Amino acid sequence: MSTKTLTKDEIAKLIADDIPEGAFVNLGIGQPTLVADHLDLERGVVLHTENGMLGMGRAAVGDEIDPDLINAGKIPVVETPGASYFHHADSFAMMRGGHLDVCVLGAFQVSVRGDLANWHTGARDAIPAVGGAMDLAIGAKDVYVMMTLFAKDGSSKLVPECTYPLTGVACVSRVYTDYGVLDITNNGVRVDRVYGATIAELRERTNLDLYP
Amino acid sequence: MTDVLDTNDAADRAVADIPDGATVLIGGFGTAGQPMELIDALRHHGASDLTVVNNNAGNGDTGLAALLKTGNVAKIICSFPRQSDSWVFDDLYRAGKIELEVVPQGNLAERMRAAGAGIGAFFGPTGVGTPVAAGKEERIIDGRAYVLEYPIRGDYALIKAHTADRMGNLVYRKTARNFGPVMATAATTTIVEVTDVVETGELDPEHVVTPSIYVNRVVKVAAAQPSHQQGGAEA
């Protein structure tokens with residue numbers, strides 16, 4: 001056991017190292033974009049962006065900035081060699097057709113069965129906005145979630161049942177958190193690695209039946 | 001037959017027959033691929049009670065946001081209305097002055113693709129077990145759950161491409177392509193804003209993205225000055 005919990009960047013590095021060589025990967029908006037900073041270019045991972053591109057590169061700077069070349073977060077990016085462009089129906093067919101190997105998404109909550117809630121807090125005055133999250137959640141072969149294990153109020157974001165509106169049912173395969181990496185399996189949640197706490201402590205704090 | 005319009009009032013002429021109550025598909029993902037001049041022309045034209053289909057619900061105070069602000073859009077169908085710069089939409093929505101249908105982005109694209117391809121409806125996997133599938137017919141096919149989704153047809157599509165030839169064959173530019181090719185197929189009348197018009201035969205047929213059969217009117221506009229609005233972290 002490591003004695004310290006992980007920073008966002010350290011979580012991103014763990015995910016980047018776990019992505020298989022040559023995989024086609026979609027990184028969700030927000031924190032998951034940090035994963036790109038830690039991908040080893042030699043490993044040939046190809047990034048997909050929902051707005052119609054494979055082979056997305058890093059954020060554009062200076063003269064590279066082109067308003068016609070942006071990522072899902074609407075940030076200007078650059079092309080990598082071998083990049084391709086396609087329209088939106090093709091882009092989402094890549095997701096829904098099961099062609100993407102991995103997507104990395106943020107979450108408000110993940111249930112022990114892998115249900116994902118990440119688009120809506122259910123607040124009455126919130127304006128609902130789902131974007132591509134539901135298509136990604138059910139489409140990629142592996143859905144990794146990147147999140148802090150606990151909410152600001154200390155409650156666990158890994159829960160027996162999501163209380164927020166769902167994005168997808170039983171779609172999450174792994175959860176990367178500041179306290180460790182958790183696999184969602186048919187037999188429950190298996191703790192792959194822990195940081196800054198023991199499994200027993202995490203069981204206590206999450207009130208979940210985690211197994212090693 | 002495609003009309004290529006390149007006079008100063010080309011955009012205004014192109015949208016002049018859009019009636020009140022029309023459903024208008026408007027291309028773009030954020031501002032990339034948003035046909036700003038056609039939207040401005042539609043705003044000046046003043047057709048009311050419109051239903052607009054776009055991925056977002058306007059950015060800043062220009063383009064689609066400016067159209068919304070006129071109050072002429074009764075309903076918007078989109079995947080991601082809420083953004084750091086969607087204040088025009090946010091105010092209208094909170095005041096109950098615009099109807100919103102939120103559609104997962106892949107369903108938005110596929111429902112228009114279905115419309116363009118003559119598909120009556122389709123079973124899709126997106127949103128099963130979530131609020132967006134509430135009340136929709138569900139079916140298990142080969143052990144997997146799907147929900148029934150209906151096409152979205154437009155009376156008009158306003159899209160932006162990069163180059164058109166005089167027949168209306170289109171080539172797009174980078175991620176500004178986004179919804180353009182799909183919307184072009186899904187509307188009765190497709191109007192395209194481009195910066196470049198070339199003679200028929202100058203486009204390599206192998207490189208044409210939208211074939212001319214889908215295009216009714218091409219409006220040539222001046223190339224925009226490079227500008228960029230950072231939208232922040234949202235899709």
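User: How many residues lie between strand 7 and strand 8 of chain B in their hairpin, and which residue in the turn has a positive phi?

Analyst: Please keep in mind throughout that this is a predicted model. Strands of a sheet pair through backbone hydrogen bonds, either parallel or antiparallel. In this case the hairpin formed by strand 7 and strand 8 of chain B has two residues between the strands, and Asp142(B) in the turn has a positive phi of about 50°. The two strands pair in the antiparallel sense over four bridges. One of the paired positions joins Ile141(B) to Arg144(B), its bridge partner in strand 8 of chain B.

User: In what order do the strands of the sheet in chain B stand, and how are they paired?

Analyst: The order is 6-8-7, in an open sheet of three strands with antiparallel pairing. Strand 6 and strand 7 (138-141) of chain B are at the edges; each has a single partner strand, so one side of each is left without a neighbour in the sheet. On average, neighbouring strands of this sheet are turned by 45° against each other, direction ignored.

User: Which strands of this sheet does helix 5 of chain B touch?

Analyst: Helix 5 of chain B packs on the sheet and touches strand 6 and strand 8 of chain B. The direction of this helix makes about 165° with that of strand 6 of chain B.

User: What is the strand order of the open sheet in chain A, and what kind of pairing does it have?

Analyst: There the order is 7-6-9, again with three strands, and the pairing is mixed. Strand 7 (116-117) and strand 9 (158-159) of chain A form the edges with a single partner strand each, which is why one side of each has no neighbour in the sheet. Strand 6 (residues 109-111) and strand 7 of chain A are antiparallel and share two bridges. Within this pair, Gln109(A) has Ala117(A) of strand 7 as its bridge partner.

User: Where in chain A is there a hairpin with three residues between its strands?

Analyst: Strand 2 and strand 3 of chain A form that hairpin, and Gly52(A) in its turn has a positive phi of about 100°. These strands pair in the antiparallel sense over two bridges, and His48(A) has Leu54(A) of strand 3 as its bridge partner. Strand 3 of chain A is also joined by four bridges to strand 4 (residues 77-85) of chain A, and the two run antiparallel. In that pairing Met56(A) stands opposite Glu79(A).

User: Let us turn to helices. Is helix 2 of chain A mostly covered or mostly uncovered?

Analyst: To judge burial, one counts neighbours: a residue is buried if 20 or more other C-beta atoms lie within 10 Å of its own. Helix 2 (residues 88-96) of chain A is mostly covered, with seven of its nine residues buried. Among them are His88(A), Ala89(A), Phe92(A) and Met95(A). The buried residues pack against strand 2 (46-49) and helix 3 (133-139) of chain A, together with helix 5, strand 6 (122-124) and helix 6 of chain B. After the helix comes Gly98(A), with a positive phi near 75°.

User: At what angle do helix 2 of chain A and helix 5 of chain B pack?

Analyst: The angle is about 120°, and the axes are 9 Å apart. That makes helix 2 of chain A oblique to helix 5 of chain B. The crossing is left-handed. On helix 2 of chain A the contact includes Phe92(A) and Arg96(A), and on helix 5 of chain B it includes Ala109(B) and Glu110(B). By class, this helix contact has four nonpolar, three polar and three charged residues.

User: How many residues does each chain give to the contact between them?

Analyst: Chain B gives 44 residues and chain A gives 38 residues. On the side of chain B that touches chain A, the elements giving two or more residues are helix 4 (87-94), helix 5 (105-117) and helix 6 (180-186). Helix 5 of chain B supplies the largest share, five residues. The residues on this side of chain B divide into 19 nonpolar, 17 polar and eight charged.

Terms used:
Residues are numbered from 1 along each chain as its sequence is written. Chains are lettered from A and ligands numbered from 1 in the order in which they are written. This is a predicted model: local features need pLDDT of at least 70, side-chain atom pairs count only at pLDDT 80 or more; totals for chains, interfaces and linings use all residues. Two residues are in contact if their C-beta atoms, placed from the backbone, lie within 7 Å. Ala, Val, Leu, Ile, Met, Phe, Trp, Tyr, Cys and Pro count as nonpolar, Asp, Glu, Lys and Arg as charged, and the others, Gly among them, as polar. A residue is buried if 20 or more other C-beta atoms lie within 10 Å of its own, exposed if 12 or fewer, and partly exposed in between; C-beta atoms are placed from the backbone. Axes are lines fitted to C-alpha atoms, for helices over the stretch in contact, and angles run from 0 to 180 degrees between N-to-C directions. Angles under 35 degrees count as roughly parallel, over 145 as roughly antiparallel, 65 to 115 as roughly perpendicular and the rest as oblique. A crossing is left-handed if the near helix is turned anticlockwise from the far one by less than a right angle, and right-handed if clockwise. Two strands pair if DSSP finds at least two bridges between them.
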